[in-house]
Amino acid sequence: MNIDKSREILSGAREFGSDLSSSAEEKFELTVIGVAEEPEFDNTAESVQVIRERLAELDQSEGKTYWRSLEELSETEEFQAYLEQEFPRQSAPLESGLDRREFMKLLGASLALGGLTACVRPNPQEKIVPYVRAPEEIIPGKPIMYASAITQNGYAQGVLVENHNGRPTRLEGNPSQPGSMGSIDAQTTAEILRMYDPDRSKEVLQGGSSSDWDSFSEAVSSLDGNIAILTGTVTSPTLASKIDAVLNARSGAKWYQYSPQNADNVLAGSEIAFGSWIVPQYNFEEADIVLSLDADFVNSGPAKLKYARAFSDRRRVRTGEDTMNRLYMVESTPTSTGAMADHRLPMAASAVEGFAREVAAAVGLGSTDSHAALPDGWMDALVDDLTNHASVVVAGDEQPPIVHAIAAAINEAIGAVGRTVTYHKPAMAKPEIQSESIKFLVDDMNSGKIDTLVMIDSNPVYDAPADLDFAAALDNVATSIHLGLYNDETAVRSSWHVPQANELESWGDARAFDGTISIIQPQIQPIYGGKSPLEVLSLFLGTADTAYDSIRAFWQSAASGGDFNLFWNHVLYNGVVDDTASAPMRARAKSTIFDEPASHGADGIEIVFRPDPNIGSGKYSNSSWLQELPKPFTKLTWDNAALISPKLAEAEGLKSKDVINITVGDKSIDAPVWIMPGQAEKTITLHTGYGRTNAGKVGNGIGFDANVLRTNEHAHFVSASITKTRKKYKLVSTQLHGILESDGIGDRHITRGGTLADFQAHPEHPGFVHPVAHHASDLYDDFEYDGYAWGMVVDQTVCNGCNACITACQSENNIPVVGKDQVAVGREMQWLRVDAYYGGSVDNPEFFSQPVACMHCEKAPCEPVCPFGATVHDADGLNVMVYNRCGGTRYCSNNCPYKVRRFNFLQYAELEENAMALLQNPDVTVRSRGVMEKCTYCIQRIQQAYITSENEDRTIADGDVVTACQSACPTQAIVFGDINDENSEVAKVRKSKLNYGLFEELNTVPRTTYLARITNPHPSLAVASSYGSDSHGSDTHGAEEGGH
Amino acid sequence: MPQYFPPNSNAFAKWSIIGGLIFFTLLLTCLAIYVRSYRNRVNVPVSQPIPFSHALHAGELGVDCRYCHTSVEVAASANIPPVETCMTCHSQIRQGSPRLYPLYASWDQAIPGVNDTASLEAGTNAPAPNSERLEWNRVHDLADFVYFNHSAHINKGVGCSSCHGEVNRMEGMWKNEQMSMGWCLECHKAPEKHVRPIDEVFNANYKKPTNQIALGKQLVEEYHINTDKLPQCSTCHR
């Protein structure tokens, strides 16, 4: 392999490399030359049939069955061969075989070259530039955490920004902000990457050519005629007052709002139910029973982190005395919320209304003639629960207004109002039905009523409903001004584009879902010269106020009395303005709700539009972290797909990766399909956010654009028809990477679960937790850990597979991204993966999410095989990875039963000093090519806590060390600490009888353990579950003494 | 068939092997010395924009280490003082000295008689304020995968001079020790050989007492120095 070529490969593999040109795809192809082809698993229609038979067989023989993918169930020979290879596609044979002589030549040459360079290259002289005047609070080398907020669809999520000498490197949740509760989601974590993104627009453009801010200011001052302002959802009081000022100053000016993820249905529903625009807030802390009508409340919407925490707090089972809530869920497509459900029913989105009417009728509201096909006793159990316990009904944002109104009526009838649900004034500065707002705007543009359109932080050309044809309407506007982070689809069609400052670079404010206001404070000067919306709007008022001036001025007038600086510092320190949450309102549902005509679900194929679970509806298209993050359950990376049910696949003869043509009205698109267990039978899920043309180098041209089919009237679901094409598309899923089963389905009991009733029946020996016995003898001597002993417990009951932990880990530990083709050959680098398992039938399985990272085995199989001693144990029992010793043999990875080690096959990490280098955490080594890496339990945080405690001459207290994944987790499923400290949370949780270690029967003594997943089905619906009670030790593993 | 080589060529072969070995050993030794001292710049003064003398400040004038290296007790980095710290004295003392020009160039205020508008116009060679930033040349540069923490050492009785030598006698600044991993481990494996009482930490003239081992063992106990953890990879590598 010549040097030029290998360079090419390297640059191709780097995602951020400035040399990633349009020919990147070509380069990518080079990297996979010679790599074994991905096996094609045959899951055609007939094999779905085989799978069903196989499941029925397993059901009878072993009780409950867990499986990982349809391919695994089909048990084809190819799949068995794939399993036995362990690292099927990691071996990359050389393109043309080398003969011995050539090999020796290369070996000698590389030795000589290596030796020579070591001799002659001097260490470069580094410079130290001190401050002129040191800011009082900055201690070089110690980060400062600043409280701020990041908005998602307009709503604030509180964050703490880790700032190293004026360089922000990482975001964590702000515990005092209600939209965060100290947790953070994957998207908000990735905002830091978005800020440093070298693809961000860097200069003012006029008609596509370079201009500057002064010319823009001048142009604005000479504008006249009607002005229209288009924004996303605005909750910022200062921005709203600024817009109001512009509207007052300019006669004929109008303000429109449009965000593809909006609260239209909630507002319209409350209009039907209460006659006014109010929004519900749910108190899951109080709810024993939850009915979700297609609502993914734990992983979407502005309150998701709060709801996920509150809901999960009622599901923490440690002993047989603990109780838990119960979730009934009807949903069209599997979501994180559905994965947590005790009773889950796939149902077409359009059929949910009929179901809701049935539930209403059952609690004595209205009457209905619809009868959803429900399993026996389902409705009785549900109604029994709803009426006899503290309950709440939650309607999904994608459901039509009437479903929200019915949910409100049911909540009132079952006495939920004031207890498990309260009603509030919307947090939006100007609540409105945004689908109407955007329609009015387009009408006004088309009729020539608008001379100047200012688009702030929105990308309507890409995400506005397709039937409005925003791009065409834009041509009717004389002056269009776009303020955005990227030179995106809207920017290139606008007469002016102004680069926007990221929220980490500018002052601002915003409200959380409950109205609580946070001040957004900048962490760094705009690195690409961006301007804030407040600065741009100030130009229209003829002033050159900075964002800081505007914010200070607004709050000086808003803050009542007292010393303003005191107030201001207090607010900045806490990250929230006290007492700004909205108070509950009294609301009575109208009796006329059930007079509304009922609509019936369509029989045919239905499309559900959802924002992509990782990249949202386009905001994070250019985020390589989120593109490479395996999506919940499908584990797809770098693409979207049309998710179809196994039944639809059978009926249409479709396999995963087949391309279908989807037609809605006169529009059609081609999309690859992915068979999704648990999908509603005739529902196809399409995720938006893909098919971008101007997202940036990372996000351009990947996936398909589902917005093409999305109309203003049917923005969430619509009937469609499909035809199979002959095309195939390469989708990359990590579901089969690092697969742990090698003895066939279920033998190793990787994920374990049972019902609360089972547990309560056998609280000391829950049979489903310890179905296998340990090997009797052991190769290695025991070692006494008498100091700190770090350990982690993951509660599978509350893990919903949202992926927040993976991105948090990526950000903390400088983990590189590798690109789609490298993922395809199994070379993804994330230290933490969330494995998805299914239980039961393919049509409506139980979902299991199991985060797996290095287990820090006390008797780690990776250690004795390392010829360099590069992976060893320390006195705290950590399995440490010493990068500078690693020679890259990969023996450790081969010997790891958990498949958690990651190898730098190429130079993935960015070594050049560019903007992306500023993102790196200075406390973690940046690894280079040829080095093995893996989860370290955030050793940098352990060491920091250790040094701090030693300097203060005390021991590390419980809670001093919080790993990155733990701090991010919205449901606090991850507990970490010193297991030798009896009073630590982790030691207590480990004592639970639900605690088990992965492959504990191999006596690796993993420090990471799991709590078996507990569900709480209604007693009348409980199916025979688990492996039968008290089967401890009955498995034959115990017989193989000293085996393996 | 005649013999091509006379019998004594056996000896030649033998000696050439021995000679070769000696030659290579010498070469390797030279290389090692080169790499470990010259390339590592041990005892090689590093030139600086201002000929700052620790001997004058820390030695003759007796300024405490912590007056400038403020964060040495609390953070990983000891901190290079901001220009402001220098200017607490040098706005008065040695005002206008050409050796201090880089300092004045980086300072954000005009100093009367040195670099204020009047004196600049009058033609002094002093640089204008804010005209250049002060860039010191780094002396101690560990590998990027090593995480050294000053506070952890200072608070456990490792003196400044144990690693940096007698800074109070150094005119310029240079590395006093290898700062190689083997050198670190020497102490990490047996801290009792080097630990001193905490109130002697900043004393650059400190000499080890004759009963160092006994005293060291007592101090290790007293300061709760965890000798199990010290020699471990994870102590310095993350």
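The model is predicted, so local features need pLDDT of at least 70 and side-chain atom pairs pLDDT 80 or more, while totals for chains, interfaces and linings use all residues. Residues are numbered from 1 along each chain as its sequence is written, and chains are lettered from A and ligands numbered from 1 in the order in which they are written.

I start with the two chains. Chain B gives 37 residues to the contact and chain A gives 36; two residues are in contact if their C-beta atoms, placed from the backbone, lie within 7 Å. Strand E2 of chain A, residues 127–128, pairs with E1 of chain B in the antiparallel sense over 2 bridges. Pairing needs at least two DSSP bridges, and strands are DSSP runs of E with at least two residues, helices runs of H or I with at least four, numbered from the N terminus. Within this pair, A:Ile128 stands opposite B:Trp136.

Next, helix H17 of chain A, residues 434–446. Its buried residues include A:Ile438, A:Leu441 and A:Met445; buried takes 20 or more other C-beta atoms within 10 Å of the residue's own, exposed 12 or fewer, partly exposed in between, with C-beta atoms placed from the backbone. The buried residues of H17 pack against helix H11 (264–274) and strand E16 (452–456) of chain A, among others. Just after H17, A:Gly448 has a positive phi of about 75°.

Last, a loop. A:Asp786 lies between helix H25 (756–761) and strand E31 (790–795) of chain A. Is A:Asp786 buried or exposed? A:Asp786 is exposed, because 9 other C-beta atoms lie within 10 Å.
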